[in-house]
Amino acid sequence: MIRLALSAAILAAPAAADPVFTDRADGLPAPHVYDGGWEHFVGGGVAIFDCNGDTLPDLFAAGGETPAALFVNRTEAPGAPIRFGRGEADALTGVTGAYPLDIDGDGALDLAILRVGPNRLWRGLGDCSFEDATERWGLVSEDLWTTAFTATWEPEQDAPTLVFGNYVDRADPEGPFGACDTHRLYRPDMARYAAPEIIAPGYCSLSMLITDWRRSGAPELRISNDRHYYVSGGYEEMWRLDPLEPVPDWEHVSLWGMGIASADLTGDGLPEVMLTSMGDQLLQINRGDRFENAPYSIGTYAQRPHIGDDGRPATGWHAEFGDIDNDARLDLFIAKGNVDQMPSNAMADPNNLLMQNEDGTFRETSITAGVASTARARGAGLADLDGDGRLDLVVVNRRAPMEIWQNETPGTGHWLGLKLRMPGSNTHAVGAWVEVATESGTQTREVTVGGGHAGGQSLPLHIGLGAATQATITVRWPDGGESTHDIDRVDRIVRLTPPR
């Protein structure tokens with residue numbers, strides 16, 4: 001089988017106890033629901049970011065036909081019950097998702113907001129307040145159905161390249177089947193965005209990610225598409241950015257693509273990719289010039305509910321890798337839920353919390369962890385909401401209240417939070433590669449914007465260290481520079497900057 005653990009030393013390291021989570025939904029000021037008709041069968045993402053500089057992650061959650069909501073973190077101390085207050089934000093409806101990034105290079109995180117209708121760019125003011133900067137920044141946004149987003153900084157840019165992925169063309173009288181819309185790529189022109197470049201044909205995208213998956217210095221655009229609406233002829237795509245064109249000889253895979261998660265699982269420094277779908281969830285191993293489907297025995301296909309007696313196929317949405325128990329092995333969360341009342345798929349479809357074993361396989365723990373909710377999950381996120389070094393969980397549900405789960409797993413390992421900052425417009429170092437070496441092996445992370453299902457995060461990189469108490473960190477910065485940082489004190493957030 002394909003070996004996924006990081007190194008022989010880590011393979012020998014004992015795992016912590018199975019994870020334990022506590023329901024903290026009562027820590028929200030009021031229940032929040034992603035709701036609406038067929039245009040909100042998809043979407044329902046959450047942006048996770050620190051909007052006021054207090055180091056605690058805040059949330060901006062899509063609402064569909066109900067207003068999106070900003071929740072400001074009010075947790076009193078590390079390990080204290082997670083609590084949020086209501087933030088002030090425009091009562092924006094039609095929101096399918098959002099992604100945080102610093103568009104104007106002022107250090108404060110902004111929001112790219114996806115909608116059924118014109119998309120929005122909100123400029124963060126640094127105190128959890130925002131102003132609509134869509135027109136100021138020149139984003140020409142049409143009345144489309146946007147369900148995917150990704151961004152990167154191309155060479156010599158003063159602002160990020162933005163890509164908005166659209167779903168079904170609602171104006172097509174022959175739709176919805178076979179009526180997938182085209183996508184929009186915006187490149188900056190001085191202080192404003194130029195007219196968009198069209199990515200066509202479209203195959204009903206539900207997730208996008210710009211990633212330098214080959215580590216060639218030339219990031220490429222991966223698009224995951226929902227074959228339910230493209231019907232035939234479509235596939236999971238890979239595009240070059242400059243010039244904007246499909247990657248030749250790309251091996252075509254067709255599935256009901258809902259979400260993308262990317263992380264190095266094999267320890268070779270190249271990111272694997274997890275693609276969620278109706279039925280099989282597909283993990284692909286990065287071979288440098290291609291991706292290879294992982295064997296079924298790896299334990300990540302999660303194709304049917306693991307509780308109850310509903311044997312129909314599962315429906316995966318947001319997927320995310322994170323080290324739940326800080327044992328230096330990445331684990332995997334998959335949000336699950338029926339599209340609405342689709343009879344061919346399971347109705348009671350619990351989320352998956354797949355912990356990586358010492359041999360690189362994964363085991364299901366959502367039941368013992370307490371997070372096997374059967375609400376119709378959509379977007380989600382793993383983030384240290386209380387600052388205690390353990391990744392907590394946020395899940396946005398369709399027609400059911402949003403969930404907050406606090407990680408209270410005993411016996412977890414050491415950890416680091418890596419906060420990358422650099423001068424210039426790309427303040428959060430999107431496109432950087434980070435290698436964390438300990439006596440047990442090396443872990444690799446890429447800083448990206450995109451992926452997931454309709455939502456993502458901009459937070460310090462969370463690195464589980466297991467028993468290690470020292471680490472050497474190498475950062476390959478987006479401008480080509482490299483820096484090395486020796487860390488002899490762990491269990492904290494470290495700010496890393498490039499050499500002067």
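Select alanine 98 first: its bridge partner in strand 7 is isoleucine 113. Strands, like helices, are DSSP runs numbered from the N terminus (helices are H or I with at least four residues, strands are E with at least two). The model is predicted, so local features need pLDDT of at least 70 and side-chain atom pairs count only at pLDDT 80 or more, while totals for chains, interfaces and linings use all residues. Residues are numbered from 1 along each chain as its sequence is written, and side-chain values use heavy atoms, with hydrogens and water left out.

**Stop 1**

Two strands count as paired if DSSP finds at least two bridges between them. Strands of a sheet pair through backbone hydrogen bonds, either parallel or antiparallel.

The four strands make an open sheet in the order 6-7-8-9, with antiparallel pairing. Strand 6 (95-101) and strand 9 are the edge strands, each pairing on one side only. From one strand to the next, the twist averages 25 degrees. Angles of this kind run from 0 to 180 degrees between N-to-C directions, with axes as lines fitted to C-alpha atoms (for helices, over the stretch in contact).

**Stop 2**

A pair of aromatic rings is described by the distance of the centres and the angle of the planes. Here the centres are 5.5 Å apart and the planes at 35 degrees, so the pair of tyrosine 99 and phenylalanine 149 is tilted. Rings of Phe, Tyr and Trp (its six-membered ring) pair if their centres lie within 6.5 Å; planes under 30 degrees apart count as stacked, over 60 as edge-to-face and the rest as tilted.

Tyrosine 99 lies in strand 6 and phenylalanine 149 in strand 10 (residues 146-152), so this contact ties together parts that are 50 residues apart in sequence. Are the two residues buried or exposed? Tyrosine 99 is buried, at 2% relative accessible area, and phenylalanine 149 is buried too, at 0%. Buried means under 20% relative accessible area, exposed over 50%, and partly exposed in between (1.4 Å probe, protein chains only).

The structure holds 17 aromatic pairs. For a cluster, select Trp38, Trp145, Tyr167, Phe177 and Tyr229.

**Stop 3: the disulfides**

How many disulfides are there? The count comes to two, with a disulfide taken as a pair of cysteine sulfur atoms within 2.5 Å.

Select cysteine 51 and cysteine 128, which are joined with an S to S distance of 1.9 Å. Cysteine 51 is in the loop between strand 2 (46-49) and strand 3 (58-61), and cysteine 128 in the loop between strand 8 (120-124) and strand 9 (130-132), so the link ties together parts 77 residues apart in sequence. The torsion about this S-S bond is about 85 degrees, so the disulfide is right-handed. Both cysteine 51 and cysteine 128 are buried.

Next, select cysteine 180 and cysteine 204, joined at 2.1 Å from S to S. Their link is left-handed, with -105 degrees about the S-S bond. Cysteine 180 and cysteine 204 are both buried.

**Stop 4: salt bridges**

A search of the whole structure finds 26 salt bridges. A salt bridge is a side-chain nitrogen of Lys or Arg within 4 Å of a carboxyl oxygen of Asp or Glu.

Select arginine 187 and glutamate 154, whose side chains meet in a salt bridge (2.4 Å, N to O). Arginine 187 is buried, with a relative accessible area of 18%, and glutamate 154 is buried at 13%.

Move to glutamate 292 and arginine 290: the closest N and O atoms of this salt bridge are 3.6 Å apart. Glutamate 292 is partly exposed at 29%, as is arginine 290 at 39%.

**Stop 5: a hairpin**

Finish at strand 37 (residues 471-476), which pairs with strand 32 (residues 433-438) in the antiparallel sense over five bridges. Alanine 437 has threonine 472 as its bridge partner in strand 37. Threonine 472 also has a bridge partner in strand 38, aspartate 486. Six bridges join strand 37 to strand 38 (residues 482-487), and these run antiparallel. The two form a hairpin with five residues between them, and glycine 480 in the turn has a positive phi of about 100 degrees.
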